[in-house]
Amino acid sequence: MKTTLGQRIAALRKSKGLTQEELADKLNISNQAISKWENDQSEPDVAMLLTLSKLFDISVDELLGNPVERKMEVKKNLDTDLLLLQIKILSNDGDTVKIRLPLAVVKALVNSGADINLGSNSEAIKKIDWNKVFDLAERGIVGEIINVSSADGDIVKVAIDYEDKD
């Protein structure tokens, strides 16, 4: 069953740990407007969609319920020294963690036995098998490789990218 715009706004608001009143304050509108959106009695205007997408750190397409295709590619003869690990964590309490590190640095940390929690208490980040991530990278796979919504409301996205030296 497809969710409505109102249901998506409510879920995104809750994932940020915001009340209707707090979201209304951030948008400079009434909390009654938020309530009407979430109950599908009205919808935000077009300009507000962009503001909401930025606030929730998603695309307008995702906000409107259109699936966004995440592409992974296989790059041939890729210099693994140029690989970057991008991690984005949106916690259910409203914190956002964004990390972009050379993959070699993360690999060295993992191999040293360091606890990789990346500033988050999310169970989803703790369950990542980093050796599998490194294996994908070494095979030349780039793009988003993990996109998890945990039971506690956290969203974790992991991507492998490369620094183009050209």
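Here are legends for a handful of close-ups of this predicted model.

Residue numbers start from 1 along each chain as its sequence is written. Local features need pLDDT of at least 70 and side-chain atom pairs count only at pLDDT 80 or more, while totals for chains, interfaces and linings use all residues; side-chain values use heavy atoms, with hydrogens and water left out.

**View A. The largest nonpolar core.** This core has 21 residues, and Leu85, Trp130, Val133, Val158 and Ile160 make the most contacts inside it. A nonpolar core here is a set of buried Ala, Val, Leu, Ile, Met, Phe, Trp, Tyr and Cys residues joined through side-chain atoms within 4.5 Å; buried means under 20% relative accessible area, exposed over 50% and partly exposed in between, with a 1.4 Å probe and protein chains only. Strands E2 (83-90), E3 (96-102), E4 (141-149) and E5 (155-162) each give two or more residues, as do helices H6 (103-111) and H8 (130-138). Helices (H or I, at least four residues) and strands (E, at least two) are DSSP runs numbered from the N terminus. A second, separate core of 15 residues includes Leu18, Ala24, Leu49 and Leu52.

**View B. Around Val158.** Skip the neighbours within four places in sequence, and Val158 is in contact with Leu85, Gln86, Ile87, Ile128, Gly143, Glu144, Ile145 and Ile146. Contact means heavy atoms within 4.5 Å.

**View C. One side of H6.** Leu103, Val106 and Val110 are the buried residues to look for in H6. They sit on the same side of the helix because they cover an arc of only 65 degrees around its axis, the arc being that of the directions from the helix axis to the C-beta atoms. The buried residues of H6 pack against E2, E3 and H8. After H6 comes Gly113, with a positive phi near 90 degrees.

**View D. H2 meets H4.** Leu23, Lys26 and Leu27 from H2 touch Met48, Thr51, Leu52, Leu55 and Phe56 from H4. By class, that contact has 6 nonpolar, 1 polar and 1 charged residues; Ala, Val, Leu, Ile, Met, Phe, Trp, Tyr, Cys and Pro count as nonpolar, Asp, Glu, Lys and Arg as charged, and the others, Gly among them, as polar.

**View E. Two loop residues with positive phi.** Asn28, not a glycine, has a positive phi of about 55 degrees and lies in the loop between H2 and helix H3 (31-38). Asn28 is exposed, at 71% relative accessible area. Asp57 also has a positive phi, near 60 degrees, in the loop between H4 and helix H5 (60-63). Asp57 is partly exposed, at 26%.
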